[in-house]
Amino acid sequence: MNTASTTPVTAVIVVAAGSGQRLGYGMPKAKVPLSGDSILVHALRGVAAAGIAQQICVAIPPGDSELQALCESFARDLKAEHRPGAPAEQGVQLPVVTVVDGGASRAESVRAAMAALLPDTAAVLVHDAARALAPEAVFHRVAKALAAGAVAVIPVMPVVDTVKTVEPTTGGLAAVAPELVTGTAPREALRAVQTPQGFDLATLTRAHEAAAGLDAGRAAAITDDAMLVELLGVPVHAVRGASQSLKITTPLDLIIAEGLLEGPLGVRWVEG
Ligand code: CTP
Ligand code: MG
């Protein structure tokens, strides 16, 4: 019989199985160097620093032994930091690090990680490795809202650009002005969405079960987990995100992330 503690477990899933096409490094984005470490190591350090997880479950490209080794080495370093008497031990539990093969879409990678969660898991935060610099404060805001009873919580930022809807231009101007504006979205009601996104595990499981049968095209269009929960009609709450949680997608994003880490004031000058 398992006599381990029945305290509900919080897990953080880190999805890192993408190929990084838009970054264009010819390698999975998780491996791309960022200020002396890989993007994945930065992301894992951020998760560990937040101190909210009893398990960190990482989805990597299937069979990627280099990333597997990197996660194992990260887990060893964490353990060394948490040895009895080490300063990091105080008040922060040592999380278990689990590595799984991700899938062909982000949603499949999330599902692969969900299948490897510890038995007593009650809450799960799903985080993009690509948001490698997400600050601890955002993890805490999401975890706090979950602890207060929310079943789905996402970090968001106000939208700074005016956002319009468009359709393809028809007729003579199509060659020089390919799109025609159909409307302007009310900016004050719009939010840009980040990760980590937090869920009660039962809700996230239900949301992903509903999406598991989608074809490849529709599966690729699932860019976050909250959209699946919204489809269930379950309320999704929002907390403040952070500008340094930018998703490293293009070469410009990598330059910005490097600037945040190496600039004169370091990443701390940006509001948490
Ligand atoms: N992701 C994943 N499994 C996939 C696709 C994406 O785990 N099959 C993860 C990525 O590793 C990333 C996050 O989902 O941390 C967000 O995806 P994105 O920024 O699109 O990363 P990539 O898919 O790697 O990039 P690209 O779309 O440019 O190829
Ligand atoms: Mg992608």
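This is a predicted model: local features need pLDDT of at least 70, side-chain atom pairs count only at pLDDT 80 or more; totals for chains, interfaces and linings use all residues.
Which residues have the most contacts inside the largest nonpolar core?

1. Overall form. The chain is built from eight helices and twelve strands. Its radius of gyration is 20 Å, which agrees with the value near 19 Å that a compact globule of 272 residues would have. Taken along the principal axes, the box filled by the C-alpha atoms is roughly 75 × 45 × 35 Å.

2. Burial and contacts. Buried residues make up 44% of the 272 in the chain. Among contacts with a separation of 6 or more, 74% are between residues 24 or more positions apart.

3. The largest nonpolar core. This core has 41 residues, and Val14, Leu40 and Val58 are those with the most contacts inside it. At least two residues each come from strand 1 (9-15), helix 1 (39-50), strand 4 (55-60), helix 2 (65-81), strand 6 (121-128), helix 4 (136-147) and helix 8 (251-262). Helix 1 gives the most, with seven residues. In soluble globular proteins, nonpolar side chains tend to be buried together.

4. Surroundings of Val58. Leaving aside residues up to four places away in sequence, Val58 touches Val14, Ala16, Leu40, Leu44, Cys71, Thr98, Val99 and Val100.

5. Surface and charge. The accessible surface of the chain is about 13,900 Å², and carbon and sulfur atoms account for 57% of this area. There are 20 positive and 26 negative side chains, with the centres of the two sets 4 Å apart.

6. Gln21. This residue is in the loop between strand 1 and strand 2 (33-34). Gln21 counts as exposed because its relative accessibility is 64%, where the cut-off is over 50%. From C-alpha to C-alpha, Gln21 and Glu230 lie 28 Å apart in space, and they are 209 residues apart in sequence.

7. Ser35. The loop between strand 2 and strand 3 (37-38) holds Ser35. Phi of Ser35 is near 45°, a positive value in a residue other than glycine. With a relative accessible area of 24%, Ser35 is partly exposed.

8. A cis peptide bond. The bond from Thr195 to Pro196 is cis, and its omega is near 5°. Pro196 belongs to the loop between strand 10 (191-193) and strand 11 (197-200).

Key
Residues are numbered from 1 along each chain as its sequence is written. Chains are lettered from A and ligands numbered from 1 in the order in which they are written. Side-chain values use heavy atoms; hydrogens and water are left out. Helices (H or I, at least four residues) and strands (E, at least two) are DSSP runs, numbered from the N terminus. The radius of gyration is taken over C-alpha atoms; the globule rule is 2.2 Å times the number of residues to the power 0.38. Buried means under 20% relative accessible area, exposed over 50%, partly exposed in between (1.4 Å probe, protein chains only). Contact means heavy atoms within 4.5 Å. Accessible areas come from the Shrake-Rupley method with a 1.4 Å probe; for residues, only the protein chains shown count as cover. Lys and Arg count as positive and Asp and Glu as negative; His and the chain ends are not counted. The place of a charge is taken as NZ of Lys, CZ of Arg, CG of Asp or CD of Glu. A nonpolar core is a set of buried Ala, Val, Leu, Ile, Met, Phe, Trp, Tyr and Cys residues joined through side-chain atoms within 4.5 Å.
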